[in-house]
Amino acid sequence: MALTKNSKVLEFVEESAKLGQPDKIVWIDGSAKQIAALKEEAVKSGELIKLNEQLLPDCYLHRTKVNDVARVEDRTFICTKNRDDAGPNNYWMDPRQAYELANEIARGSMKGRTMYVIPYSMGVVGSSFAKIGIEVTDSIYVVLNMNIMTRVGKQCLDALGKDGDFIKGFHAKCNVDADKRYIMHFPEDNTIISVNSAYGGNVLLGKKCFALRIASYLGKNEGWMAEHMLILGVTYPDGEKKYVAAAFPSACGKTNLAMLIPPKHYLEKGYKIETVGDDIAWIRRGEDGRLWAVNPENGFFGVAPGTNEHSNYNALKSTQRGTIFTNVALNTDNMTVWWEGLSKELPEHCIDWTGKPWDPAKFDKKDKSTCAAHPNSRFTAPATNCPCVSPEFDSKRGVPLSAIIFGGRRASTTPLVYEARDWNHGVFIGSAMSSETTAAATGATGVLRHDPMAMKPFTGYHMGDYFAHWIEMGAKVTNPPKIFNVNWFRCDKDGNFMWPGFGDNMRVLEWILKRCENKADAVETPVGFVPRAEDIDLTDLDYEIKKGKKFTVDDLKEILEIDADKWLKEADEIEGYYKGTIKDRIPQELWDCLETLKSKCSAVKKPAKKSTDKND
């Protein structure tokens, strides 16, 4: 029975059912009774495995097919009438061709199955930030995950009313055929289609598909921003709170920063870090001239391997109740889960992520094929489980941003932290974001991979126009947040990380917030404002860069150092990226920033040493 009289919703559901031809239709009302019944049904069918109720209450394990374990960027399309509007950052398909292809694949694919209708809200229902979506799917797994990751139920339909608009999402598992797998976005139609996948990143359509690709396009047209950013709050000893948003490419410490636990002496003073969001931020201009942000999600879709009590205590604690684990290992001794990095001890009796017995004696951490859990295995956990979740998590107005932070993984050149001169310079810094690949991942070190604002796979339109939108947003606010860049990964000549990272990043965060309040000095350099080493709190910092060498103030000075020669090469590299990839849609303001970088580096470039060889 339909839960709404909204004719647009009813028409979409009717068209979807006509295409998929399910045996029955179930509307998701979001009630605890209905969700519990679906979990029980999924356990009976084998789609979910119930875990130990005493150790992991209301937790389940799910396994995908071995050909369906991650997002597939080369099967993910932006479908716009004008090819140029999709931009160089996206794969493009003509909308008419895309609809015909998707319909051909999905036609009759739900026969013998149930089609679930999921009304959901990105953002707190009733908030000015919130956007409503309707996803139809033939997967209980999708229903249960969407119930964790978004706000699901009849209240979303009530918020739509009789004629409200929404984002359409059609998902069909089909045969999970990798050759016919497509994730299609139609930003001009507010529509998403996903076929032949059952992996979360491709089928939880409220997440990257809606909250970033479609929302970034909506934001451009409506005057707000959808960003791949964490949001965290810092509570001072006197109770004052400050908020920052931060964007990092993968493997650059995003979740660790979102759930950071400060060093002991900060905790003793009364500092606290509170998590508003770990992945996505929707940002709007406030009446006070500041930018305000919300996390549109309701849960965490985190990578399991490497997560443990030491690397991210708060993330691990978030998984202890009401969580769905995907493609991790099953410890059959106590019916709990395990993954590489969870503990040093390897479980003796374990079923791997493919459902086969796992032999710990054959495990080789250098060989991913010997892992018990898939390297991209996941947990879907309610954000309310997080020990450091912010009291503002469910705020309808959001939180005001004092700072925006960009970061990447760079072994040299980029200092530990620096501040942009102004908003446009900050946009330039974000547009030039890149990380260096590692030998383990690519076979070559130091190869730059550009990922502007950590949005390369997620901007639903041309990246050059996205940069222009950032410039426009800065012009609309009278009190914009300051913009910073951080690099936790600078190395010494032997390849050792020079900064401890993790909780000690609080020391850098403190300086950033002091700069936002004009309470800390800085040194102007060709790249921006860099801290004086004495202004970073190193109290009780106990970090061994390498055996027998403790961290010193001189090490800090070294990782704050700016080498003009290296930055001139960096400027050339950025110019090459602009001209070779983004081309003619780069805003003039960013070209101006690039020229400023070049001129300032040239002005301080050290002259070549004169030779003392008399034969020269």
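Four strands make up an open sheet in the order E21-E20-E22-E23, with antiparallel pairing; strands here are DSSP runs of at least two residues (E) and helices are runs of at least four (H or I), numbered from the N terminus, and two strands pair if DSSP finds at least two bridges between them. At the edges lie strand E21 (336-338) and strand E23 (357-358), each of which pairs on one side only. Strand E22 (residues 350-351) is joined to E23 by two bridges in the antiparallel sense, and Cys-350 stands opposite Trp-358 in E23.

A word on the basis of these results is in order: this is a predicted model, in which local features need pLDDT of at least 70 and side-chain atom pairs count only at pLDDT 80 or more, whereas totals for chains, interfaces and linings use all residues. Residues are numbered from 1 along each chain as its sequence is written, and side-chain values use heavy atoms, with hydrogens and water left out.

Attention now turns to strand E6 (residues 114-122), which is mostly covered, with nine of its nine residues buried; buried means under 20% relative accessible area, exposed over 50%, and partly exposed in between, using a 1.4 Å probe and protein chains only. Both faces of E6 are covered. One side carries the buried residues Thr-114, Tyr-116, Ile-118, Tyr-120 and Met-122, while Met-115, Val-117, Pro-119 and Ser-121 are buried on the other. Strand E1 (residues 24-27) runs parallel to E6 and is joined to it by four bridges, with Lys-24 opposite Thr-114. E7 runs antiparallel to E6, and seven bridges join the two; here Met-122 faces Lys-131. Two further bridges join E6 to strand E8 (residues 151-152), again in the antiparallel sense, and Tyr-120 stands opposite Val-152 in that pairing.

Side chains of opposite charge can pair when their charged atoms come close. A search of the whole structure finds 40 salt bridges, each defined as a side-chain nitrogen of Lys or Arg within 4 Å of a carboxyl oxygen of Asp or Glu. Glu-222 is partly exposed, at a relative accessible area of 41%.

A second salt bridge joins Arg-181 and Asp-68, whose closest N and O atoms are 3.7 Å apart. It too links distant parts of the chain: Arg-181 sits in the loop between strand E9 (167-172) and strand E10 (182-186), and Asp-68 in the loop between strand E3 (60-62) and strand E4 (76-78), 113 residues apart. Both partners, Arg-181 and Asp-68, are buried. Lys-493 and Asp-494 form another salt bridge, at 3.8 Å between the closest N and O atoms; Lys-493 counts as exposed at 79% relative accessibility, and Asp-494 is partly exposed at 47%. Elsewhere, Lys-207, Lys-208, Lys-254, Asp-279 and Glu-297 are linked in a network of salt bridges.

Finally, helix H14 (residues 463-476) has 14 residues and reaches 20 Å from its first C-alpha to its last, close to the 20 Å expected at 1.5 Å a residue, where the expected span is 1.5 Å times one less than the number of residues. Its buried residues are Met-463, Gly-464, Tyr-466, Phe-467, His-469, Trp-470, Ile-471, Met-473 and Gly-474.
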